[in-house]
Amino acid sequence: MTYDQNLIPPQSLIVSCQAPVDSPLHDPIIIAAMAKASVNQGAVGVRVDTPNHIKAVREQITQPIIGLWKQQIPGYEVYITPRFTDAMAIAQAGADIIAVDATLRNRPNGETANTLILKIKQELGKQVMADVDTLEAAIEAAKGGADFVGTTLYGYTKATENCSPPGFELLENMVKNLEIPVICEGGISSPESAQKALELGAYAVVVGTAITGIDIQVKRYQTALNQMEVKS
Ligand SMILES: CC(=O)N[C@H](C=O)[C@@H](O)[C@H](O)[C@H](O)COP(=O)(O)O
């Protein structure tokens, strides 16, 4: 493994501090507080969406930020930092590592994931986390110079529509076939499943919903309670 461990050392926990756009938590001050609370308890870094939220987090913490910008582009399915201009805004806001959609799906401006990865590295001087869904996409991203690959999009694309995160099988295959560090991201729901990811060879683990996803978690609990037959 050639990765320089300055930013993210092995066995790191990275907390994804994001909130649905219609949630009161989707506010830079709140996202920055979540990030600060995470690093205060030992998280090595955080993963944050949108330039505004990254800027607010950067003011609160010195630890590494994996930045992304979720963008819906008509006619395309790629949405995690799909264009170079999105990556540029993320870098300017203070991200240390840029996460990009590196699935094999079409993307705008005739670009490929690898032309985007190369441009980010050469023109912005930032490390790149390639968010993938399949082993093929991961191999391609590694060839293209990604610094990390993540299982982030496993279960979220047509190629993996029948799969549900965490993508442990994909993780194992990526670890077997790649020289670059593999990050397990998506569906990690407990400290034990984070440990399992490391056992399977993950270099680091990103946890989002299980730690910061109040909206989704409350809905899950409430739905479960609503399904109970009430004893009279
Ligand atoms: C698929 C996609 O868009 N994932 C996003 C990527 O940044 C986030 O919405 C997830 O919360 C994050 O990947 C962490 O995963 P989980 O919340 O399951 O721990």
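Me: Which hand does the crossing of H3 and H4 have?
Reply: The crossing of H3 and H4 is right-handed, meaning that the near helix is turned clockwise from the far one by less than a right angle. Helices here are DSSP runs of H or I with at least four residues, and strands are runs of E with at least two, numbered from the N terminus. This is a predicted model, where local features need pLDDT of at least 70 and side-chain atom pairs 80 or more, while totals for chains, interfaces and linings use all residues. Residues are numbered from 1 along each chain as its sequence is written.

Me: And which residues of H3 meet H4?
Reply: Phe84, Ala87, Met88 and Ala91 in H3 meet Leu116, Lys119, Ile120 and Leu124 in H4, where contact means C-beta atoms, placed from the backbone, within 7 Å.

Me: OK, new topic: which residues of H5 are buried?
Reply: In helix H5, which spans residues 135–143, the buried ones are Ala137, Ala138, Glu140, Ala141 and Ala142, with buried meaning 20 or more other C-beta atoms within 10 Å of a residue's own.

Me: What do they pack against?
Reply: The buried residues of H5 pack against H4, strand S5 (127–131), strand S6 (148–150) and helix H6 (168–177). Just after H5, glycine 145 takes a positive phi of about 100 degrees.

Me: How many residues surround the ligand?
Reply: The ligand is surrounded by 18 residues, and the closest are Ser16, Tyr156, Gly186, Gly208 and Thr209, counting a residue if its C-beta atom, placed from the backbone, lies within 6 Å. Strand S8 (204–207) and helix H8 (209–212) each supply at least two residues of that shell.

Notes:
Contact = placed C-beta atoms within 7 Å. Buried ≥ 20, exposed ≤ 12 C-beta atoms within 10 Å, placed from the backbone.
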